[in-house]
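Hello,

Here is the structure I promised to pass on to you.

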Amino acid sequence: MSAPEKTKRRPASFTTKPAEGRTRLHSEKTFVVYHRFADDYRLDLMLPPGVGEQFDALKERLKREGDEERGDERDEAGAGEESQPDPAESRARIRRIRKEEEERRQLEQKKLAAERAEREEKEKQVKIQARLKSMGIDPDQSGFRKQVAKLPASRRLRVCREDDVQRMASTAQSVDSDVKNRNESVGYLLKAKGPWRRLGAPESVEAILALQDDHPHFGEVIQFVANHVALQKMRGEAPGQPSAKPETDAEARGTGKKVRAGKGRSKKASKDRGAPGEEEVSPPVRLPPLLLFGPPGVGKTHFCESLAKVLGVPVRRHPMDQAETSSALLGSDITWGNSRYGLVFDLLGMGEYANPLVILDELDKAQVINKSSGGLSSPTGVLHSLLEPVSAANVRDISLDLEMNASQITWIATANYPWWVPATLRSRFKEFLITPPDAEQAIQLSRSVVKHALKAAGFREGEPDRRIVVALAHLSAREIYQATLGASAAAARSGSNLVAVHHLPREVLLSDVDGNRAATWLH
């Protein structure tokens with residue numbers, strides 16, 4: 001049997017239409033169809049973008065130059081054969097034509113390169129926006145930036161510098177693709193949000209003092225905070241401080257004030273600060289770090305959350321008993337494969353406030369770990385810088401290599417045994433001993449915790465049933481919260497939209513509903 005004949009493969013052709021499977025080449029990013037090759041409309045040629053236009057321009061110019069040359073030849077023939085063209089002028093003319101052609105070619109290449117760079121930048125921004133949306137972050141931060149720009153200078157703080165953000169976003173020092181993508185996304189968000197953040201402030205001193213109704217055994221702490229809030233209010237209303245509405249140049253002209261040269265900042269300085277025409281003033285009085293210590297279950301964490309709500313700032317709980325290194329606060333080293341930015345940047349850079357409240361829960365439980373290299377690693381090491389306002393104004397996140405102004409963060413630590421906290425760290429806190437409440441205070445605390453627990457469970461009711469409050473008043477704040485959640489679950493299971501005494505766990509009651517049977521406490 002003879003071998004089958006080999007099918008001859010036709011040579012590649014650029015003058016025929018591509019096969020059906022190659023229709024993907026019909027794209028402005030790869031090749032486009034050129035129909036006017038060799039003045040034959042039956043021939044199609046696949047050319048890169050822009051080459052067809054260059055070919056048309058070249059043919060038009062050569063045709064025009066040919067017509068001019070033929071016209072010159074006719075003029076010379078009419079004048080007589082004695083007038084012959086100068087060879088030197090012809091060579092100069094050819095060099096001039098070649099030079100013009102080279103300049104046009106370079107101009108076309110620059111134009112194409114600029115269009116390609118612009119197209120790639122748009123595609124990159126689309127990818128970054130999609131990445132931020134997948135993280136649950138809105139990439140459009142123009143509304144927030146406008147709101148912050150309208151705030152007076154005393155009610156905002158610049159937490160980072162724009163040139164540092166630009167350097168971080170470029171990630172020239174990183175070759176890791178995950179880190180590069182993350183830094184590009186973070187840089188895009190920071191540019192959109194701007195370098196300024198809000199400074200939350202309570203409505204009044206009375207709002208701080210009202211905390212004593214729900215937290216009566218925190219009276220000393222509440223008085224201390226109220227004094228500092230009063231100092232902030234006095235400083236904000238003192239003569240020479242910025243008004244609630246910043247005065248612009250147009251407003252100064254409208255009021256007859258003369259805007260003299262040299263009294264304001266330059267345009268470049270205003271642009272760098274992110275707020276045109278406004279000077280950066282000293283931030284308000286900082287609430288010093290607080291250490292609340294006492295027996296477990298007296299409501300220290302619950303009080304901190306209530307205080308943050310009255311102060312008008314977000315709150316974040318950081319469990320120190322689970323922390324092994326300081327990377328959770330200021331980021332992990334970029335050499336690690338799972339490098340991540342820390343809590344400080346997450347609050348200041350990704351958030352909207354420059355003075356959030358951070359609860360360092362169980363500070364006395366922080367453990368010192370031996371490193372494999374022989375040294376010691378402590379999760380509290382970076383707190384020595386973060387708790388001092390001078391050094392906190394320039395703290396650097398290791399993962400992003402970006403400096404942040406964390407001087408306005410409010411730090412409140414909780415502990416059961418304060419003598420376990422290192423002395424160098426303990427000296428930076430204002431300490432308060434929190435003791436269990438007395439009988440009257442226990443009922444007030446029970447009312448606050450029950451109300452908070454019911455809201456967390458989804459029962460949007462006003463004042464809780466006083467019978468429930470009194471029935472749980474003998475428990476600690478933590479036990480009251482747990483018992484209320486259990487009663488909420490029992491009420492939901494029975495189809496009731498109200499939590500009653502009979503929904504409470506039987507073991508938490510001193511007696512049954514009729515008061516006839518003694519029961520065992522949770523503690």
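**Notes on the model**

I'll start with a loop: Leu287 sits between helix H10 (267-273) and strand S5 (290-293), where helices are DSSP runs of H or I with at least four residues, strands are runs of E with at least two, and both are numbered from the N terminus. Leu287 is buried, at 9% relative accessibility; buried means under 20% relative accessible area, exposed over 50%, and partly exposed in between, using a 1.4 Å probe and protein chains only. Beyond its neighbours within four places in sequence, Leu287 is in contact with Val225, His228, Gln232 and Thr410, contact being heavy atoms within 4.5 Å.

The model is predicted, so local features need pLDDT of at least 70 and side-chain atom pairs count only at pLDDT 80 or more, while totals for chains, interfaces and linings use all residues. Residues are numbered from 1 along each chain as its sequence is written, and side-chain values use heavy atoms, with hydrogens and water left out.

**The chain overall**

The chain has 19 helices and 13 strands. Of its 523 residues, 36% are buried. Among contacts with a separation of 6 or more, 71% are between residues 24 or more positions apart.

**Cores**

The largest nonpolar core holds 43 residues, and Phe345, Leu383, Leu386 and Trp411 have the most contacts inside it. Such a core is a set of buried Ala, Val, Leu, Ile, Met, Phe, Trp, Tyr and Cys residues joined through side-chain atoms within 4.5 Å. Helix H13 (residues 343-348) gives this core its largest share, five residues. Leaving out neighbours within four places in sequence, Phe345 touches Val186, Leu190, Met350, Asp397, Leu400, Leu402 and Met404. A separate core of 24 residues includes Ile208, Phe224, Val225 and Ala226.

Val159 and Gln408 are 249 residues apart in sequence, yet their C-alpha atoms are 9.7 Å apart.

**Helix packing**

For the helix pairs, axes are lines fitted to C-alpha atoms over the stretch in contact, and angles run from 0 to 180 degrees between N-to-C directions. Angles under 35 degrees count as roughly parallel, over 145 as roughly antiparallel, 65 to 115 as roughly perpendicular, and the rest as oblique.

Helix H17 (residues 439-457) takes part in two of the pairs I looked at. Its axis and that of helix H19 (residues 477-493) come within 9 Å and cross at roughly 40 degrees, which makes H17 oblique to H19. By class, their contact has eleven nonpolar, four polar and no charged residues; Ala, Val, Leu, Ile, Met, Phe, Trp, Tyr, Cys and Pro count as nonpolar, Asp, Glu, Lys and Arg as charged, and the others, Gly among them, as polar.

With helix H11 (residues 300-311), H17 packs at about 75 degrees, the axes being 12 Å apart, so the two are roughly perpendicular. Here His302, Glu305 and Lys309 of H11 meet Ser448, Val449, His452 and Lys455 of H17, a contact of one nonpolar, three polar and three charged residues.

**Two positive phi values**

Most residues other than glycine have a negative phi. Glu362, in the loop between strands S7 (357-361) and S8 (369-370), has a positive phi near 55 degrees and is buried at 18% relative accessibility. Asp401, in the loop between strands S10 (395-397) and S11 (402-404), has a positive phi of about 55 degrees and is partly exposed at 28%.

Best wishes
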